[in-house]
Amino acid sequence: MQEQPPFDGKAFVANLSSAPGVYRMLGASGDLLYVGKAGNLKKRVGSYFLKPSMQPRIATMVAQIHQIEITLTRTEAEALLLEAQLIKSLRPRYNILLRDDKSYPYIHLTAGDFPRLVFHRGARTGGGRYFGPYPSAIAVRETLSLLQKLFRIRNCEDSFFKNRSRPCLQYQIGRCSAPCVNLISVADYQASVRHAILFLEGKSTTLLDELVAQMEEASTRLDFERAALMRDRIAAVRKVQANHYVQGAGRDMDILACTIGNGIACVSVMFFREGISLGSRDFFPRLGLDADEATVIASFLGQYYLERPVPSELILSHAPEDMRLLSEALGEHAGHKVELKASVRSDRARFLDMAVTNSAAALAARLASRQTLLKRFEALRDLLQLDELPQRIECFDISHTMGEATVASCVVFGIEGPEKSQYRRFNISGITGGDDYAAMHQALERRYKRIQAGEGLLPDILLIDGGLGQVRQALDVLATLGVEGVRVVGVAKGEARKAGHESLILGDSGRTLWPGPESAASHLIQSVRDEAHRFAITGHRGRREKAREASSLEEVAGVGAKRRAALLRQFGGLAGVTRAGVEELMQVNGINRELAERIYAALHG
């Protein structure tokens with residue numbers, strides 16, 4: 001096979017357009033190395049091949065280029081947005097990359113006469129209205145709790161709502177107006193919903209004006225009970241305003257501060273909406289070729305606000321070179337003017353100082369955590385007398401209830417911490433219930449057969465939650481499959497099952513070590529073992545509940561798969577079916593009185 005000639009960058013640039021656009025640099029195997037944007041493609045791409053000297057990291061990338069692809073755009077702002085989209089979706093090796101896989105939480109107000117207010121995360125395709133995004137799940141839950149106290153809007157599932165015959169506990173504690181049993185009219189409920197919307201939109205002044213008008217109207221009609229309700233609601237809204245309003249934050253704005261240290265970047269974002277602080281969140285993007293604070297912020301802005309609402313004002317700790325272009329691109333994307341400011345005074349300067357402090361503190365905590373983890377890995381290396389620092393640890397655990405719904409877990413830790421994308425669960429079948437040895441043998445065999453087939457990497461250390469018997473199962477599986485180079489260590493519970501008093505059983509020699517509760521190696525092993533235990537229990541509980549839901553209804557003559565699915569769907573799960581009466585069960589398509597009575601009898605003994 002003829003070897004491909006090296007990429008001639010100068011010849012490529014000679015025929016390149018001077019228009020704005022995006023360039024993609026590809027390696028020999030077609031892997032994406034870097035995505036960039038330019039107002040003048042000829043000048044920007046040419047700079048990689050005309051400079052007599054450049055940073056070593058950039059030179060390393062340029063040496064790997066085998067192809068460059070170009071996409072022309074109408075404007076440089078359009079190129080900036082396209083660059084952000086490509087970086088986010090294609091994740092090039094040498095770009096600054098925002099690693100934020102979790103979607104942000106929202107508050108969802110459903111449609112209908114009696115809508116519900118609920119926590120939502122994921123695609124916003126369910127109709128109704130979505131408010132957010134919020135910086136954390138805690139912020140959403142605090143807001144929902146407040147809304148329930150103020151406006152008494154339901155949060156129950158529709159299946160639960162449609163099958164109530166009396167008010168639930170939420171009504172009893174003053175957090176719901178019980179529309180399920182018609183204790184509130186559609187008009188009054190919709191008025192409460194409108195007030196909740198005004199509150200979520202930050203229009204507290206309009207909300208208070210309406211509440212005052214309703215209080216005075218009720219008082220004029222001598223409806224003193226409703227007037228008292230409006231009075232209490234006004235007092236509660238004013239109290240919330242006093243507790244949450246931030247002086248000097250009257251507009252929608254985000255404050256962004258970046259700190260870089262020891263090869264790690266932290267971007268801290270503080271969120272303000274209509275004078276209310278929604279909290280803050282820290283991000284740790286992967287550094288790319290140009291690792292300075294201004295460049296990190298520029299890349300962060302493009303990727304972060306690509307799929308999120310953009311506030312009218314962004315305060316930055318460092319000014320990107322193309323701040324005017326970023327402002328134009330974000331404004332075009334958002335549909336309104338977006339101001340970017342890096343030089344501020346008064347209250348905004350105070351907020352920015354807070355964000356810088358938060359960013360530095362979060363980075364220090366991250367570095368300290370990484371350093372602590374590294375020390376623990378080094379302690380484990382010394383304890384086990386290994387030649388090199390272990391890079392990958394796997395731990396297996398088994399969970400079941402009296403042999404029912406056995407699940408094995410496998411968790412993976414590296415020197416950066418848990419690698420959750422590498423976690424695996426195994427539903428164990430075909431063994432005698434409660435036989436932990438057979439369960440461990442099956443899980444290990446399935447795991448390492450997959451690794452041999454190319455799914456994943458072999459660990460340096462394999463931790464087994466158990467004693468000598470479990471260790472022997474691991475050694476037997478590895479020997480049968482011909483797997484070498486994996487150090488097997490059993491983690492046996494210590495005296496009185498106290499954490500830190502575990503004994504370690506070495507698979508290669510059969511020796512037992514007692515590192516003690518003060519050992520850094522013991523702390524690492526506890527963390528890994530506890531994570532494996534948590535992961536196994538979570539999987540077991542899910543499998544057990546699913547099996548019980550199915551089996552309870554399967555025992556009822558006349559309830560097949562379709563009727564079982566219809567029941568669970570109608571009542572939101574087995575608990576809802578169990579709460580339902582005979583008349584409510586008869587409302588499900590295909591279930592007559594006789595069958596409903598059999599179902600009710602089966603579920604109630």
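These are my notebook entries on one predicted protein model.

**Ground rules**

I am reading a predicted model, where local features need pLDDT of at least 70, side-chain atom pairs count only at pLDDT 80 or more, and totals for chains, interfaces and linings use all residues. Residues are numbered from 1 along each chain as its sequence is written, and side-chain values use heavy atoms, with hydrogens and water left out.

**Entry 1: the whole protein**

I looked up the secondary structure and found 20 helices and 19 strands. Here helices (H or I, at least four residues) and strands (E, at least two) are DSSP runs, numbered from the N terminus. The C-alpha atoms fill a box of roughly 90 × 70 × 50 Å along the principal axes.

Of the 605 residues, 46% are buried; buried means under 20% relative accessible area, exposed over 50%, and partly exposed in between (1.4 Å probe, protein chains only). I also looked at contacts, meaning heavy atoms within 4.5 Å. Among those between residues at least 6 apart in sequence, 62% join residues at least 24 apart.

Next I traced an open sheet of five strands, in the order 9-8-7-10-11, with mixed pairing. Two strands count as paired if DSSP finds at least two bridges between them. Strand 9 (276-283) and strand 11 (339-341) each have a single partner strand, so one side of each is left without a neighbour in the sheet. From one strand to the next, the twist averages 15°. For such angles, axes are lines fitted to C-alpha atoms (for helices over the stretch in contact), and values run from 0 to 180 degrees between N-to-C directions.

I then checked what packs on this sheet. Helix 11 (residues 293-304) touches strand 7 (253-261), strand 8, strand 9, strand 10 (313-316) and strand 11, and its direction makes about 135° with that of strand 7. Helix 13 (residues 346-384) touches strands 7, 8, 9 and 10, at about 40° to strand 7.

**Entry 2: a closer look at strand 7**

Is strand 7 mostly covered or uncovered? I found that eight of its nine residues are buried.

Strand 7 runs antiparallel to strand 8, joined by nine bridges, and Ile-260 stands opposite Ala-265 in strand 8. The hairpin of these two strands has two residues between them, and Asn-262 takes a positive phi near 50° there. With strand 10, strand 7 pairs in the parallel sense over four bridges; Asp-254 has Leu-314 of strand 10 as its bridge partner.

I also followed strand 8 (residues 264-273) to strand 9, where the pairing is antiparallel over seven bridges. Val-267 stands opposite Phe-283 in strand 9.

I found an open, antiparallel sheet of three strands in the order 5-4-6. Its edge strands are strand 5 (117-121) and strand 6 (129-131), each pairing on one side only. Neighbouring strands here are turned by 35° against each other on average, direction ignored.

Strand 4 (residues 105-109) pairs with strand 6 over three bridges, and Leu-109 stands opposite Arg-129. Helix 5 (residues 137-151) packs on this sheet, touching strand 4 and strand 5, and its direction makes about 170° with that of strand 5.

**Entry 3: Arg-598**

Last, I looked up Arg-598 in helix 20 (residues 593-603). Arg-598 is partly exposed, with a relative accessible area of 33%. Which residues does Arg-598 touch, leaving out those up to four places away in sequence? I found Val-556, Ala-557 and Gly-558. Arg-598 and Val-556 are 42 residues apart in sequence, and their C-alpha atoms are 6.9 Å apart in space.
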